[in-house]
Amino acid sequence: MTSGATVWLTGLPSAGKTTIAHELAGRLRAEGHRVEVLDGDEIREFISAGLGFSREDRHTNVQRIGFVAELLARNGVKALVPVIAPYADSREAVRKRHEENGTPYLEVHVATPVEVCSARDVKGLYAKQAAGELTGLTGVDDPYEEPEAPDLRIESQHQTVQESAGAVYALLTERGLA
C-alpha cells in the first residue's frame with residue numbers, strides 16, 4: 001500500500017487551488033497512487049449542507065473536511081484538499097488532528113494576489129461582490145489569514161498549472177510521499 005497524506009491547498013477564491021489539485025491528482029493516479037480530491041464546493045453541497053459563511057460555520061466546515069481527509073490519508077489515500085479555509089486556527093486544528101494520528105499533512109498556500117483572482121473570477125464571485133450582490137467574499141470584505149509558514153507557497157500567476165502541480169509533487173517526493 002502506498003502511504004497516504006493530506007495536501008491542503010489554501011488560498012483565495014479563483015487562486016487556482018482546484019485546478020492545481022486536479023492536475024496533481026492525474027499525475028499521482030498515473031503512477032498508481034490512490035487519490036481523492038475533496039473539493040470545497042462539493043463538500044459544502046453534500047457534507048456541510050446547511051452551513052453558512054459565518055466564522056463558526058466556516059470553522060465547522062473546515063473541521064469536517066479535515067476529518068474526512070485525515071481518515072482517507074491514514075488509509076493510504078492521497079487526499080488533495082483545495083479549500084479556502086480562511087482562518088489560521090481552523091487550519092492549525094486540522095494539522096494537529098493529523099499529527100495526533102501520525103498522518104502526513106502538507107499545507108500549500110496558493111498565494112495568488114486578489115487582483116489576479118478577481119480577473120480570473122472563475123465563479124463570478126468577485127463581479128457579484130463588486131455589484132453589491134454578495135457580501136462576505138474571502139479576501140475582499142471577509143478576512144483571509146495567510147499561512148505564516150506553509151510547507152510550500154505557490155504564486156500561480158507566475159507559472160503554469162503543470163509547474164504548480166509539479167512543485168507540489170516535488171514536495172511530496174522530498175517528504176517520501178510520492
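View 1. Strands are DSSP runs of E with at least two residues, and helices are runs of H or I with at least four, numbered from the N terminus. This is a predicted model in which local features need pLDDT of at least 70 and side-chain atom pairs count only at pLDDT 80 or more, while totals for chains, interfaces and linings use all residues. Residues are numbered from 1 along each chain as its sequence is written, and side-chain values use heavy atoms, with hydrogens and water left out.

**View 2. The open sheet and the partners of β4.** Five strands are arranged in the order β2-β3-β1-β4-β5 with parallel pairing, where a pair requires at least two DSSP bridges between the strands. The edge strands, β2 (35-37) and β5 (152-154), each pair on one side only. From one strand to the next, the twist averages 20 degrees. Five bridges join β1 to β4, and W8 has E107 as its bridge partner in β4. Three bridges join β4 (residues 105-110) to β5; V108 stands opposite L152, and V110 opposite I154.

**View 3. Helices on the sheet.** Helix α3 (residues 55-73) lies across β1 (5-10), β2 and β3 (78-82), running at about 150 degrees to β1. Axes are lines fitted to C-alpha atoms, for helices over the stretch in contact, and angles run from 0 to 180 degrees between N-to-C directions. Helix α4 (residues 88-100) packs on the sheet and touches β1 and β4, contact meaning heavy atoms within 4.5 Å. The direction of α4 makes about 155 degrees with that of β4.

View 4. G11 counts as buried at 0% relative accessibility, and G16 does so at 17%. Not counting residues up to four places away in sequence, G11 touches K17, I84, H109, V110 and Y144. With the neighbours within four places left aside, G16 is in contact with V110 and R120. In an unreviewed entry, UniProt lists G11 and G16 among the residues of a "binding site"; such annotations may be inferred rather than shown by experiment.

Technical notes. Buried < 20%, exposed > 50% of the residue type's maximum accessible area, 1.4 Å probe, protein only.
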